[in-house]
Amino acid sequence: MKTIRFPDGTAVPALGQGTWMMAENPARRGDEIAALREGVELGMTLIDTAEMYGEGEAEILVGEAIAGLRDKVFLVSKAYPHHASARLLRRSCEASLKRLGTGHLDLYLLHWRGAVPLGETVEAMERLVEAGLIARWGVSNLDMADMEELIEAGGHACATDQILYNLTRRAPELDLLPWLADRSMPVMAYSPVEQGRLLSHKALAEVARRHEASPARIALAWLLSRPGILPIPKAGSVRHVQDNRAAADLKLSDEDIAQLERSFPCPTARRGLEML
């Protein structure tokens, strides 16, 4: 599988696994754990979660899923913005580690910007690195002005920005994506199929028919065709995660990409970073 490199040179598979809205239905727990484990075995070893997801329940589920597999997994979690202070961030991180059943995170993110000054969060993140609780840190849902402020506040070690980016949310291409690329910061793309809403689109279906593939696979393949983009789709079943994994082996033609980008045009004017 294609890989993505973080600024420190660490390489990870370009297709990861998300966990937003997992662990919310006890009847699906076994299927969700099986899906995550299958994804790891298929090479989708980056797993993204957050203390916000189910108020920690998703982290507990991930911990169960990676039991015995931790050495294979690049584990990512995120902190609430109101926990991102010098006083609270370590406590929040340690609680996530306990729920996940691990001694360290490979990547720890500020989930979105809140009232805590970015410089204070940077210092708190760096202390977690020094303590060995996290290997590196980054952010989520920060727009270009926020990222510029982060760097000015000493955040040169920021590893990534996790944002809402898919065929229907292309505005970051106008400014944020080039800014991040210039600094060798990959983008983690959450909700890469717009929580399923874009899958009924006619153009996506046409390209899918040409490849005898699902529309979701095409949407993921488009993201994977772009440099520095790491999609993190959620899959609640083994069959679903297998379909996601197949996107990494699907090569879109120039004609396919042109058709998709005509049908899902990038805005011509800048707009604020969107969030779900």
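Buried means under 20% relative accessible area, exposed over 50%, and partly exposed in between, with a 1.4 Å probe and protein chains only. By that scale Glu 212 is exposed, because its relative accessibility is 73%. This is a predicted model: local features need pLDDT of at least 70, side-chain atom pairs count only at pLDDT 80 or more, and totals for chains, interfaces and linings use all residues. Residues are numbered from 1 along each chain as its sequence is written, and side-chain values use heavy atoms, with hydrogens and water left out. Helices (H or I, at least four residues) and strands (E, at least two) are DSSP runs, numbered from the N terminus.

**Strands and crossovers**

- Two strands pair if DSSP finds at least two bridges between them.
- Strand S5 (residues 107-110) pairs with S6 in the parallel sense, over three bridges. Leu 110 has Val 139 as its bridge partner in S6.
- S5, H4 and S6 form a right-handed β-α-β unit. Right-handed means that, with the strands pointing away from the viewer, the path from the first strand over the helix to the second runs clockwise.
- S6 also pairs with strand S7 (residues 161-164), in the parallel sense and over two bridges. Ser 140 has Gln 162 as its bridge partner in S7.
- From S6 the chain crosses through helix H5 (residues 144-152) to S7, and this β-α-β crossover is right-handed.
- In a regular strand the side chains alternate between the two faces of the sheet.
- In strand S6 (residues 137-140), Trp 137 and Val 139 point one way, Gly 138 and Ser 140 point the other way, and all are buried.

**Thr 121 in helix H4**

- Thr 121 sits in helix H4 (residues 118-130). Thr 121 counts as buried because its relative accessible area is 5%.
- Its side chain reaches the backbone oxygen of Ala 84 at 2.7 Å.
- Contact means heavy atoms within 4.5 Å. Neighbours within four places in sequence aside, Thr 121 is in contact with Ala 84, Leu 89, Leu 110 and Val 116.

**Pocket and cavity**

- Rolling a probe the size of a water molecule over the atoms shows where empty space is left.
- The search uses a 1 Å grid over the protein atoms alone: a cavity is a set of points where a 1.4 Å probe fits but cannot get out, and a pocket is an open set with protein on both sides within 12 Å along at least five of seven lines. Lining residues have an atom within 4 Å of a point.
- Grid points are joined across faces, edges and corners, and a volume is the space filled by probe spheres set on the points.
- The largest pocket holds about 390 Å³ of space. Its lining has 23 residues, and Ser 191, Val 193, Gln 195, Pro 233 and Lys 234 lie nearest its centre.
- Helix H8 (215-224) and helix H9 (238-246) are the elements that give two or more residues to this lining.
- Val 241, Asp 243, Asn 244 and Arg 245 of H9 are buried. Their cover includes helix H1 (29-41) and H8.
- There is one cavity of 30 Å³ or more. The largest cavity has a volume of about 60 Å³, and its lining residues include Asp 143, Leu 164, Arg 169 and Arg 270.

**Positive phi**

- Most residues other than glycine have a negative phi.
- Glu 194 has a positive phi, near 55 degrees. Glu 194 lies in the loop between strand S8 (187-190) and helix H7 (202-211), and is buried at 6% relative accessible area.
- Glu 212 has a positive phi too, near 50 degrees. Glu 212 lies in the loop between H7 and H8.

Terms used
A polar contact is a pair of N or O atoms within 3.5 Å; within protein, one must be able to donate a hydrogen and the other to accept it, and residues adjacent in sequence count only if both atoms are side-chain atoms.
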